[in-house]
Amino acid sequence: MYLHEEMETLTRTEIEALQFERLLRTLRRCMKSPFYQKRFAEHHLSPSDIHSLDDLRKIPFTTKQDLRDNYPFGLAAVPMGEVVRLHSSSGTTGTPTVILHTQKDLDEWANAVARCLYMVGLRRGDVFQNSSGYGMFTGGLGFQYGAERLGMLTVPAAAGNTKRQIKFITDFGTTALHAIPSYASRLHEVMEEMGIDPMRDTKLRTLIIGAEPHSEEQRRKIEKMLGVKAYNSFGMSEMCGPGVAFECQEQNGMHIWEDYYIVEIVDPVTLAPVPEGEVGELVLTTINREAMPLLRYRTRDLTRILPGDCPCGRHHKRLDRMKGRSDDMMILKGVNIFPIQIETVLMQFEELGTEYLITLTNEEANDLMTVEVELKDFSDDYPRLQALTREITRQLKDEILLTPMVKLLPKGTLPKQEGKAVRVRDLRKTLI
Ligand code: COA
Ligand code: AMP
Ligand code: ZN
C-alpha cells in the first residue's frame, strides 16, 4: 500500500475525528510555548474549553505581527535542543519571522510534499528538477526532500541561470519541473532562443507551478508552450512551505491536507466565518507540527473553498486559486516583498525626499520592479547620482532579495497625490 493511501482516502467523518484528536494534542503542545501560554491566559482560556472542532472559534487568531513580536524563538513549543532547522523570512529593516522545525516536523513536511507529487502521477524513475531558490526559500528544500522521499532522481538546479537550467532538462531527461509561472515563461523564451523544442527535445511532462497568483488561462498557455500538464501548488513558510494544498489530476482546485491543517475562511474585516463557497481570508491551524504549532493563523491570502466533491474521490477540501491578499504584500519572481521594506531603505538616504513610486511590470517574460524616488535637492552631479543609484540598488537588493531598477527624479516630478499616497503600481499583465 502507498504510504499515504490511508490519509488520502479518509471520509469526512474520519477526517474530522482525526482533526479533533490532533487539535487537542496541538493545544497541549501550545501550552509549552511562552507565546500561547500568555495568549490563553489573557483570554481566560484553557485547552479544556475546547470540546469540538467548532470550539476552535473560541481561540484568538495568530498573525504575522505575533511572529514578528516574538522573534526569534518566542513561539517554540519544544526545548530549543529539539529544533533542527529554522526558516526565516527576508528583511533586515522590519523584524523578520522565523519558523522552527523538529526532525519529525521535517519528516512530515517531506511526506506531505511526496503525497502531492505522487497525487499528480510522479513516481520513482521520474527526474525532478527544482528551479526554486534554496536556502531560506522553502520551495527549495521543501520540494527537495519531498521528491527524494518519493525516490525520484532530483536535480536541485535552484533559481536562475536559465541556459544551464535548460541544459539540465535536456541532458538529465528531466520529466518533472517545479517553477513559478512567470519563470516557466522565461524558460520557454530561452528554449526558443536556443532552438530547443520542449516537446521534441525534452522529456518534460509535468510542471508544478505556484508561489505567485496566476490565472487558469496562464496555466493553459504554459501547458501548451511546454507540452506539459501543470499543477497548482500552494504553500507558505509559516505552514512549512510547499505541500499545504495541491491540485490532483482533475486540476480543479487544490486539495488541502486536512490531516495537517484545519481550514477556515473568514471575512478579512469582521473576521467572522464566511458562508461555505464564498471568498474570504484563509485561516489555518497546524495540527501535525511539534516545534511551532500555529493556531488560527491569518494567512492574508484570499480564496474560497470549492463546493462539491472532487471526481478523484479524495474528501480533503479544495481551495480555489488565490484571488489576492488582504494586505499589501507583493510577490515578484517568487519573492515576497512589503512596500514598507523599500520605504525604510529609501528613507535612510539623506539625499532622497519622501516621494517614491514602485512599479511592477512583466515585459517579455521578465518581471521587473522599478523604484522611482525624488531627490531632496536639485543636483546635476551625474557621477555622484550614478554612485547613489548603485548604492540604493545594492541596499534594496540586500533587503528584498531581488534587483530593482532605481530611478532618481528631481523634486516635484512624481504626480502629487491627494489623501493616502499610492506607492505601488502593478502593471503586470495576467496573461503571458
Ligand atoms: N525562479 C528561478 N529563476 C528565476 C526566477 C524564479 N522565480 N526569477 C528570475 N529568475 C532567473 C532569471 O531569469 C535570471 O536568469 P537568466 O538571466 O539566466 O534567465 C536569474 O534568475 C537572475 O534574475 P534577475 O532578474 O536578473 O535577478 P534578480 O537579482 O532580480 O533576482 C533571484 C534574483 C531570481 C535569484 C531571486 O528573485 C530569487 O531567488 N527568486 C526565486 C524565489 C523562489 O524560489 N521562491 C520560492 C518559490 S516556491
Ligand atoms: P512563502 O512564505 O515565501 O512561501 O510565500 C507564501 C505566499 O505565496 C502565500 O501566502 C501566497 O500569497 C503566495 N502563494 C503561494 N502559493 C501560491 C499559489 N499557488 N497561488 C498564488 N499564490 C501563492
Ligand atoms: Zn481531486
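Me: Is Cys310 buried or exposed, and how is that judged?
Reply: This is a predicted model. A residue is classed by its relative accessible area, and under 20% means buried. Cys310 has 6% relative accessibility and therefore counts as buried.

Me: What does the value for Cys312 say?
Reply: Partly exposed is the class between the buried limit of under 20% and the exposed limit of over 50%. Because Cys312 has 29% relative accessibility, it counts as partly exposed.

Me: Which residues coordinate the zinc ion (ligand 3)?
Reply: A metal site is read by listing its donor atoms. Here the donors to the zinc ion (ligand 3) are SG of Cys248, NE2 of His255, SG of Cys310 and SG of Cys312, at 2.1 to 2.3 Å. Along the chain, these donors follow the spacing C-x6-H-x54-C-x1-C.

Me: Why is the arrangement around the zinc ion (ligand 3) called tetrahedral?
Reply: The ideal angle for four tetrahedral donors is 109.5 degrees. The four donor atoms around the zinc ion (ligand 3) subtend angles of 103 to 116 degrees, and the arrangement is therefore tetrahedral.

Me: Which residues are the closest to ligand 1, and how many surround it?
Reply: A ligand's surroundings are read first as a shell of residues. The shell of ligand 1 has 21 residues, with Gly133, Thr162, Arg186, Lys333 and Thr403 the closest. By class, eight of the shell residues are nonpolar, ten are polar and three are charged.

Me: Which side chains have an N or O atom by an oxygen atom of ligand 1?
Reply: Such pairs are read from their distances. For the side chain of Lys333 the distance to an oxygen atom of ligand 1 is 2.5 Å, and for that of Lys397 it is 3.4 Å. Of the 870 Å² of accessible area that ligand 1 has on its own, the protein covers 74%.

Me: How many residues surround ligand 2, and which polar side-chain atoms lie by its oxygen atoms?
Reply: The reading is as before. Ligand 2 is surrounded by 18 residues, and the closest are Asn232, Ser233, Ser237, Asp301 and Asn336. A polar side-chain atom of Asp301 is 2.5 Å from an oxygen atom of ligand 2, and one of Arg325 is 3.2 Å from an oxygen atom of ligand 2. Taken alone, ligand 2 exposes 500 Å², of which the protein buries 89%.

Notes: Residues are numbered from 1 along each chain as its sequence is written. Chains are lettered from A and ligands numbered from 1 in the order in which they are written. This is a predicted model: local features need pLDDT of at least 70, side-chain atom pairs count only at pLDDT 80 or more; totals for chains, interfaces and linings use all residues. Side-chain values use heavy atoms; hydrogens and water are left out. Donors are N, O and S atoms within 2.8 Å of the metal (3.2 Å for Na, K and Ca); water is not among the atoms, so sites may look incomplete. Four donors count as tetrahedral if all angles lie between 85 and 135 degrees; four count as square planar and six as octahedral if opposite donors are over 155 degrees apart and all others between 65 and 115; anything else is irregular. Buried means under 20% relative accessible area, exposed over 50%, partly exposed in between (1.4 Å probe, protein chains only). A residue is near a molecule or strand if one of its heavy atoms lies within 4 Å of it. A polar contact is a pair of N or O atoms within 3.5 Å; within protein, one must be able to donate a hydrogen and the other to accept it, and residues adjacent in sequence count only if both atoms are side-chain atoms. Accessible areas come from the Shrake-Rupley method with a 1.4 Å probe; for residues, only the protein chains shown count as cover. Ala, Val, Leu, Ile, Met, Phe, Trp, Tyr, Cys and Pro count as nonpolar, Asp, Glu, Lys and Arg as charged, and the others, Gly among them, as polar.
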